[in-house]
Each structure stands twice: as structure tokens, then as C-alpha cells.
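Welcome, and please take a moment to look over the sequence and the model. The briefing below walks through a few of the main features, topic by topic.

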Amino acid sequence: MEFSKEGDLMIGGIVSMASTRKLFDNGYQELPTYYCKKWNDRELKFARTMIFTVEEINRDAVLLPGLTLGYRLFNGCGTENLIRAAVEAINGNGSNSCSGQIQALLGHSSSGVTEGINRILSPLSIPQVSHLSTCACLSDRRHFPTFFRTVPSDRFQISGLVQLLKYFDWRWVGVIYSIGTYSEEGTAEFVQGAKKEGICVEYILPFSRKSDKTVIAIVEALRTSTSKVVLLYASLFYTKLLLPKLEAYNITGKQWVGTEAWITQGDLASAERKSILQGAMGLALPKTSIPGLGEYLLSLKPSDEPHSAIIKAFWEKFFDCSFSPSNTSVLCTGAEDLTTVSSDYTDVAYFREENNVYKSVYSVAYALHSLLQCQNGSNPTTGKSCVNPNEVLEHMKHVNFTTKNGAKVFFDENGDAVAQYDIVNWQMKDDSSAEIINIGQYDTSFVEEERFKLKKDVTIVWGGNSAEVPRSVCREPCPPGTRKAINKNRPLCCFDCFECPEGTISNQTDAPDCFLCPPEFWPNEERNRCLPKPTEFLSYKEIMGALLTAVSIIGVFLSLLISTVFWTHKETPIVRANNSELSFLLLFSVKLCFLCSLTFIGRPTEWSCMLRHTAFGITFVLCISCVLGKTVLVLMAFRATLPGTNIMKWVGPVQLRLGVLCFTLIQVLICILWLTINPPFPNKNMKHYKDRIILECALGSPIGFWSVLGYIGLLAILCFVLAFLARKLPDTFNEAKLITFSMLIFCAVWITFIPAYVSSPGKFTVAVEIFAILASSFGLLVCIFIPKCYVIIFHPQQNSKKHLALKVPQKAAI
């Protein structure tokens, strides 16, 4: 027992003011014994803070009126030594009085030691309040029913660390942890929490002070890993051991993240560690002020604890002197000024862990205060019977108060206090010291979305000499236009990105699937947006449409020109030779054929679709009917010259007109039935091409279309056969041969049209149809009329009755 003071009510405390244990060399003559060395300034500070708080409570006339609070603080090093000290604290001096028994035990800083101590305290129902044991395992009420703590559980710290990584989009991290309950349990919890938030761990490596192999493995991982962020989940003791070992390996380019155990320890900084610690970030216990504590700590003198060898040892360490006369050391006077010393103990600007010690002592005092309220067998605070007035445990569960420095203290059902952290950033100075800047807060008392907050007016320094936030991802997010695919052989963050298949898009980052565009839309080149498909039809503005239009107009112009020539020479024999009326009607129908081709060009509409096919069918039947009439006329004219033949009275102008009319009316009837039953209509064809829409005229009824075309073909074949039979008859101007050639061209064009029409895609289907119309129209015009125009214009002497009589004396002109 290092420090003690008797009181009406007693509390115990366990600290480790010596952090290293050594074995006495007794030559194996007796049982091994140990001694402690390497003094821990921070633990001395915790012990003195406990004493300060007890004295402050005793000065309060309201909290424990008429009673004083005493303490027994035990020091030890090594788990077995500390647990033995805890047993001694519980047993007291063997008295059964209240002054001999402790009401609660404060400490320890280590989660592992605390775990062992609490297993002893639990059966005795003695509450243990820790200021620094953060292991989440201690929240398990089944195994640690008497444990409380004023420091947040690592469960909250891990949540905060995960949110820190998530905030800066650090999805690919490495973890180094130290051997021990605190680090091992915390690392396991961190890996689970990180996985839930989509953060992957590249490596998890332990550090042991007993094995140099662990250091070599850590250095190799730091050099070869692709992750830029390293979480060092280690106690302060192990951190102080690891960092010096890393100095010799020139580790650079990493963003270090630390836990509250070491992230605020500025004494870790040095010139050799600047490349490691510069920009380090982590969660720290909130810094606060405790009125009077700083002055109390700095006022310590060896005379305050004259029987304490530890105080003298610390004093000799602080001032590099000795209380024993020596030739090598300066003699200590005990009057030296602690304000001239720079150490963890004398750092009193702000308090972090010390505030938890302060709250721990007060929580026990308030539980005792609640216990003292028992009247008539019941307690107004807990609402329960005071069955055992000496039991503080039940009253600890209902503690709820505010300290003098404004800290709210209460415990949840697991004995945990509300979690509040500062987010800190290491900013190294030119003298290699570190300025630890508070850049934000993580407070679990807020709703989930508001717990993690960074300050807006603070400058953050990044690790790895980076001027901006380091990127630490195993794979960059899949951009829009691709889909994210999990690779089963690699961590979740090391996914693959595949380009969306043709016709599909993804419009968000890391999209799990690509989806089809609506039917009238098509992806852009990046495949991240659906754009309206371009519409395609044979337009007047494009080259092919313009050329076909020009050819059609030329055909109409040529027909008009021939009509003019024939009209001018209508009384000449060459015009009258084969029925001028049929010739003019044929020229008119050819003009209509050329003009109907224009209805196929331009955007399809309901009227244009019905007009183009019916006009084409009717005009071509009219045209072929005229040619057929001229062919029949040639055949009948020859037979009329035979003796005893009176056939011409049956093949006169009236009969020819009726024939043309009847043939044409049949086609008109077919077209009417087609338009009535299932007419052509404008259609958006999205089957032919994936990336564009063909605006076309759907046939409606295919039977109607092929009936129209078949009827034209039937007449054309009939006309061709008759003209072929009459080709060698003594025709004055050989018109039967001309009709044969024209019908041969006509039939050839339309026979080749069928496979070309069926196989041509999109607007080329229309172009093929127009080409067939123009080709067949020009075939009729050129083969039948151009030779006659040639004679009329260039050989007018042949266009006479005399020449006609000399050529065929037996021919009868009609």
C-alpha cells in the first residue's frame, strides 16, 4: 500500500506507478521474488488525482454530510502482483467495521488486469470503477456484473474509428496490434465493424516485444502493402516499444491512425519519427479542465508522503538527483520546483484520462450519498428496499450527476459511460515536437447521423507528406457505365469493374447491375445515360434522298418533254400509228409513276403511308394497261390485214378505253380492300437496329401489298408474252419490239426487287422500292418513246405517209 488515509467510508485504488518487473537474482536459494522499476509518470498522476478528488469531496458538506471518505492506494507491476494488491485492498486490516472495508475499488488502467480483478470482486458484490480499461469485453454483464467505467468502451471507439475511415473514404487499411486483451479484443471488434461499413483490412499483424520476427513482418507489410492507412491498435506501453524499432527502416508514405491509448502522448514525437507520426489521426478522450488539480499536482513535495519510497524515486527521476549522498548525483533537497520539469506528470494544461479518474471517485461518492438516503427500509433514489445498507453496487447503477467542471456522469445497463471523443491530428513542428490539434468530435449522445463532426475552420495535416487527403482503396470505385462484381478470391473491397453490356447503362458509382434503356432510348458512348435513339428515314435532305428526288423530277420533266413533242406532232403518222390516245395516256401514267416515287421520301405519316403504296399500285396498273392495249392493238392490226377478217370492229378506241379502265379498276378495288381491312401505317421499327429507330410504313396487311404487286406482275408478264409474240410482225415502226424490251426491263427490275426489298434494312428498303419504280418507269419511257422522238426530231422525212406506204404497203393505219 503506497498511499492511505483513514475515513468513515473507505475506497481502494490500484495503480502501476512502476511499469516493469524484474526478477531478483537469489541464486535459486529461495522462491523467486520480483522488484519493480521504470517509473510511470502517468500512473502517479492518476494516484494523486484520486487523492485530490477524495479531499475535494471531504470538503463538500452536502455530498457526505458528517462523514469522511478515506482511501487506500496500492501500487504494483505485473498482473499477479496487481491482483494480489486488489485482494489486500478488499481485505483491509481484518476489521469488520466500515472503516476497515472498502466500499468500491478504483482502477486499474489495463483491461487485462481489470478483468482479473473483477472476477474476484464480482462474488463479493464490490463495485469496481475503471478510468482507462476500455476493452469491450468488460461490458458483458454476465461475466462482469460489478464493473463500471468512466472511460468509453472500445465498442464506441471502434465505431468512431470506423466513421473516421469512412469519412475520408479510406476503404483499404492495415492493422498492427499489440499482444494483450485491450488490443486483441479491440482489433477483432474493429475488423467486424469495418466490414459492416465496407472497409477492408489488407493485413492484421501482431507486435510482441519478445519476438523480433513480428517487427520484421510489420516492416515488410508496410513496405509492400498497397493500403496507405495504418491503424496502430496498441497500448501506450507497446507503442513506445514499437516506434523506436520502426525508426531504422525509414517507413514513409503512410497515414497512421491511433487509438486513445497513445494518440495524445506528445512525448512519442522525435525527429526520427517525424515521417511516421506527421499527420497521425485518431480518437482521444476529451480534454477538459479540473479547477485546482493542476496546482495540487505541481505542489507535491516528498514531505507530503514522508513514508513513500516511490515519491522519493519519482523525485530523483524528475530532478536527476539523489536523497542518498553520492559522488555521481546531486543531492535532492525536497524543495525543488516541479514547474521546471517537463513530463507527463507536470503536464497540467488540460486533463483527459485524469478527468475519468475524477469522475470515478465522484461516482462512488454519489453512490454512497444515495445509500445514506435509506430511511424506514427503503431508498427514494432507487425505489428499492435497503436490504443491505453496506452494498454500494445497486446504488452505482443509478448514479446520475454533473461534476463541478460540467461533466455529465451516468452508467448504462452495461456499466458504460456516455462516449465522447476528440478527433485529433498530429502536426509536427520544426523542433520535432508535436502539436496535437483537436479537429473534431465524436459524441454518441447525438443521433447516429450527427455523432461524427469535423471543425470547419481548422487545418489538417496529412500523413505520408501528402498535400491532400490520401487515397487508400484496394480498387477505385466503378464509374458509371460499369458494374461492380465481387471477386470471391479477394477481400470485399478488391472488386472488379466490368463495362456494361451493349444496350445497358449504369448511372451511379459502384452500381451492382446494369439495366436496359427503355425501348426508344440507347446508351451513350460512356454507357452512363440513356439518350433518345436517333430516328432514321429517307429524307429529302440527305444525299440519297436528294438524288432520288432529282431523278424523279428528271423523269417527270422528260415525260413532259416527250408529251410536248408528241402533242406538237400529234397529226404525224408516227404518233397516230399506234393510237395516239393510248400514247398520251401512257405518258400521263408514266408521269404519275415518277411522281408517286416522291411519296416514299420524307417522314412517314398515316396519309403518306396509305398514299404511297396505293398510288404506286394504281399508276403502274394504268401504265401497264396502256402498254397492254398498245400490244393488243399491234396483234389485232396484223390480223385485220388477213383476207376475210373483220376483227377490227371488236378492237376499236372504245374497247381499248374500257380495257384500260377495267384493268385499273381491279387494282383500285384491291387497294380499297387493303385500306379498309388493314391499311399501311407509320411504324417505329426498333428490331432492325439496336441503336436507332427506323421510321417506316408498315404494310398493315402483307396480303394486300403482295396482291397489289402480284397483279402488276401478272399484267406485266401478260404484256411481255404478247409483245414477244408480236415482235416479228411487220410493224411500221417496230413498236412491238420496243414494248418487248420495255417489258423485259420492267419484269427484270421487279423480279430483282423482291429479294432486295426483303433483305434491305431501314431506309434502304424504301430506296430499293423507289429505285424499282424509277427504273421501270424509265424503261417504259426510254424503250417506247425515245426511238419515236428520235425519228420525229432528227429524221422527220421518215415521219410521212409516203415513207409509211413504201415500207409496208399492206399495213392498215389506225
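Axes here are lines fitted to C-alpha atoms, for helices over the stretch in contact, and angles run from 0 to 180 degrees between N-to-C directions. This is a predicted model, in which local features need pLDDT of at least 70, side-chain atom pairs count only at pLDDT 80 or more, and totals for chains, interfaces and linings use all residues. Residues are numbered from 1 along each chain as its sequence is written, and side-chain values use heavy atoms, with hydrogens and water left out.

**The protein overall**

- The secondary structure comprises 21 helices and 29 strands; helices (H or I, at least four residues) and strands (E, at least two) are DSSP runs, numbered from the N terminus.
- Of the 814 residues, 51% count as buried, where buried means under 20% relative accessible area, exposed over 50% and partly exposed in between (1.4 Å probe, protein chains only).
- Contact means heavy atoms within 4.5 Å; among contacts between residues at least 6 apart in sequence, 68% join residues at least 24 apart.

**Two helices that meet**

- Two packed helices are described by the angle between their axes and the distance between the axes.
- Helix α1 (residues 41–58) and helix α11 (residues 353–371) have axes that come within 9 Å and cross at roughly 35°.
- The crossing of α1 and α11 is right-handed: a crossing is left-handed if the near helix is turned anticlockwise from the far one by less than a right angle, and right-handed if clockwise.
- On the α1 side the contact includes R42, K45 and F46, and on the α11 side it includes E353, E354 and V357.
- The residues of this contact between α1 and α11 divide into 10 nonpolar, 2 polar and 5 charged. Ala, Val, Leu, Ile, Met, Phe, Trp, Tyr, Cys and Pro count as nonpolar, Asp, Glu, Lys and Arg as charged, and the others, Gly among them, as polar.

**The sheet of 8 strands**

- An open sheet of 8 strands runs in the order β10-β9-β11-β12-β13-β18-β19-β20, with mixed pairing; two strands pair if DSSP finds at least two bridges between them.
- At its edges are β10 and β20 (452–454), each pairing on one side only.
- From one strand to the next, the twist averages 25°.
- Helix α4 (residues 154–167) lies across several strands, among them β9, β11 and β12, and runs at about 170° to β11.
- Helix α7 (residues 236–247) lies across β9, β10, β11 and β12, at about 100° to β10.

**A closer look at strand β9**

- Strand β9 (residues 172–178) has 7 of its 7 residues buried, so the rest of the structure largely encloses it.
- In a regular strand the side chains alternate between the two faces of the sheet.
- From β9, W172, G174, I176 and S178 point one way and V173, V175 and Y177 the other, and all are buried.
- Strand β10 (residues 200–207) runs parallel to β9 and is joined to it by 7 bridges; Y177 has P206 as its bridge partner in β10, and S178 has F207.
- Strand β11 (residues 229–233) also runs parallel to β9, joined by 5 bridges, with G174 opposite V230.

**The sheet of 3 strands**

- Another open sheet has 3 strands in the order β27-β29-β28, with mixed pairing.
- Because β27 (535–536) and β28 (681–685) stand at the edges with a single partner strand each, one side of each lacks a neighbour in the sheet.
- The pairing of β28 with strand β29 (residues 693–698) is antiparallel over 5 bridges, and F681 stands opposite A698 in β29.
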